[in-house]
Amino acid sequence: MEKLLFDDRIKYFKCILVDYVKDNRIKEKITDLLKYMNQLDLIDSLVEWQIPHFPINGNMIASKNIPKGPLYTRVLNELRDLWKFEFHMDNSQTTINALLKKCDEIIS
């Protein structure tokens with residue numbers, strides 16, 4: 001089996017941290033998992049990493065005339081996935097504008 005690079009391995013766990021940011025113990029849980037998996041080289045980097053705040057909020061989505069409900073939820077989830085994987089959790093204004101432009105693609 002091909003060994004993943006350090007950045008690839010840690011990105012997976014960073015995405016989990018972002019997805020479960022509301023869980024106050026998520027870093028502790030992932031640290032325990034990494035110990036169990038004998039991935040000790042990732043622990044320090046992950047513990048020190050500050051979980052970024054998703055830069056899109058409900059008002060931004062509402063400004064695109066997307067009503068609350070299933071479509072709103074789908075748009076929000078897809079934007080979050082794009083932010084994590086394509087925009088690498090960047091919170092610059094350029095990223096925010098690019099994400100908001102994706103709303104039209106998602107709803108069509």
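## Notebook: a buried lysine and its surroundings

My cut-offs: buried means under 20% relative accessible area, exposed means over 50%, and partly exposed is in between (1.4 Å probe, protein chains only).

**Ground rules.** This is a predicted model, where local features need pLDDT of at least 70, side-chain atom pairs count only at pLDDT 80 or more, and totals for chains, interfaces and linings use all residues. Residues are numbered from 1 along each chain as its sequence is written, and side-chain values use heavy atoms, with hydrogens and water left out.

**Entry 1: the whole chain.** I went through the secondary structure and found six helices and zero strands. Helices (H or I, at least four residues) and strands (E, at least two) are DSSP runs, numbered from the N terminus. Read from the N terminus, the order of elements is α-α-α-α-α-α. I then looked up the extent of the C-alpha trace, which spans about 50 × 30 × 25 Å along its principal axes. The chain has 108 residues, and 34% of them are buried.

Next came the surface. The accessible surface of the chain is about 7500 Å², and carbon and sulfur atoms account for 53% of that. Such areas come from the Shrake-Rupley method with a 1.4 Å probe; for residues, only the protein chains shown count as cover.

I also checked contacts, meaning heavy atoms within 4.5 Å. Of the contacts between residues at least 6 apart in sequence, 62% join residues at least 24 apart.

**Entry 2: charges.** The chain has 16 positive and 16 negative charges, and their mean positions are 5 Å apart. Lys and Arg count as positive, Asp and Glu as negative; His and the chain ends are not counted. I took the place of a charge as NZ of Lys, CZ of Arg, CG of Asp or CD of Glu.

**Entry 3: back to lysine 84.** I found lysine 84 in helix H5 (residues 70-85). Which residues does lysine 84 contact, leaving aside its neighbours within four places in sequence? I noted Lys11, Cys15, Val18, Asp19 and Met89.

Then I looked for charge pairs. Side chains of opposite charge can pair when their charged atoms come close. A salt bridge here is a side-chain nitrogen of Lys or Arg within 4 Å of a carboxyl oxygen of Asp or Glu. By this rule I get seven salt bridges.

One of them joins the side chains of lysine 84 and aspartate 19, at 2.6 Å from N to O. This pair links distant parts of the chain: lysine 84 sits in helix H5 and aspartate 19 in helix H1 (residues 6-19), 65 residues apart. Aspartate 19 is partly exposed, at 42% relative accessibility.

Lysine 84 also meets aspartate 81 in a salt bridge, at 3.5 Å from N to O. These two are separated by about one helical turn, because they are three residues apart in helix H5. Aspartate 81 is partly exposed, with a relative accessible area of 38%. Through shared partners, salt bridges join Asp19, Asp81 and Lys84 into one network.

**Entry 4: another pair in H5.** I found a salt bridge between glutamate 78 and arginine 74, with the closest N and O atoms 3.3 Å apart. They are four residues apart in helix H5, so about one helical turn separates them. Glutamate 78 is partly exposed at 33% relative accessibility. Arginine 74 is partly exposed too, with a relative accessible area of 37%.

**Entry 5: helix H2.** I checked two residues here. Leucine 33 is in helix H2 (residues 26-36), and at 36% relative accessibility it counts as partly exposed. Threonine 31 is also in helix H2. Is threonine 31 buried or exposed? It is buried, with a relative accessible area of 12%. Not counting residues up to four places away in sequence, threonine 31 touches Ile43 and Val47.

Leu33, Tyr36 and Met37 form a nonpolar surface patch, with about 350 Å² of accessible area together. Patches are made of residues with over 30% relative accessible area and no salt bridge; like charges are joined within 9 Å, and nonpolar side chains (Val, Leu, Ile, Met, Phe, Trp, Tyr) within 5 Å.

**Entry 6: positive phi.** Most residues other than glycine have a negative phi. Asparagine 65 has a positive phi of about 60 degrees although it is not a glycine. It lies in the loop between helix H4 (58-62) and H5, and it is exposed, with a relative accessible area of 68%.

Methionine 89 also has a positive phi of about 60 degrees, and it is not a glycine. I placed methionine 89 in the loop between H5 and helix H6 (93-107). At 12% relative accessibility, methionine 89 counts as buried.
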